[in-house]
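Reader: Before I use any labels for this protein, I want to know what stands behind them. Please set each one against its definition.

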Amino acid sequence: MYIPKLCDRPWPWRSHRQTSFSLLITIALTTLLIPSPSLAQTRSIPSPSSAPLELDLLTKPKDYVITANTIHPQGLTVPSLWWAQQNSERKLLDNWIAYPASDKEPARVDLIVNQQIWSLLEYIERYDFVNRLGSAARNFGYNVRVFNYQKEPLATYTCNFSTSPALCSIQTTVKNKIGLQRLL
């Protein structure tokens, strides 16, 4: 049975080239004018701090930083990561340095982990660790960076606190079998 088409040939007033060009313009404009949610969210999360890790602050803290050894007699020291350290992270999390926000950078906490234990963790266990401590620090308005005592960056938990709820991103570095690091 033959079913006739409404039009067996292209529209007489429009060439095949004009139709293709119109379709291409429509797709291009749609792509440019309608932002993708993941692209919008990625752009709004700031990059992790590039400031160097200052391990000397663990033994000679300055007034503006807080470490695992800092105690404020007036009340709770912010950010409070002692519970996380005493709870499940006792052997993994060795210490931290918390920097208050400045004109140049948002508040951040540099976590220092035991490299031997970190290297034994699977990727998902590392991600879980960063997510739990990052969430705890986020509640106090801090971003997180994770280092070992060799000052190698291992992971970050960075948030845009100007949005509600805060948009956050976790990045981890993974060493491949020949020892080269890459960011995930």
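Author: Buried residues make up 32% of the 184 residues in the protein. This is a predicted model, where local features need pLDDT of at least 70, side-chain atom pairs count only at pLDDT 80 or more, and totals for chains, interfaces and linings use all residues. Residues are numbered from 1 along each chain as its sequence is written, and side-chain values use heavy atoms, with hydrogens and water left out.

Reader: Why is Asp110 called buried?

Author: Buried means under 20% relative accessible area, with exposed over 50% and partly exposed in between (1.4 Å probe, protein chains only). Asp110 has 0% relative accessibility, so Asp110 counts as buried.

Reader: What makes the pair Asp110 and Arg145 a polar contact?

Author: A polar contact is a pair of N or O atoms within 3.5 Å; within protein, one must be able to donate a hydrogen and the other to accept it, and residues adjacent in sequence count only if both atoms are side-chain atoms. The side chains of Asp110 and Arg145 make such a contact at 2.7 Å.

Reader: Which residues does Asp110 touch, leaving out those up to four places away in sequence?

Author: Contact means heavy atoms within 4.5 Å. Asp110 touches Leu53, Asn95, Trp96, Ile97, Tyr99, Arg145 and Phe147.

Reader: Why does the span of helix α6 agree with its number of residues?

Author: Helices (H or I, at least four residues) and strands (E, at least two) are DSSP runs, numbered from the N terminus. The expected span is 1.5 Å times one less than the number of residues. For the 16 residues of α6 (residues 123-138) that gives 22 Å, and the end C-alpha atoms are 22 Å apart, so the two agree.
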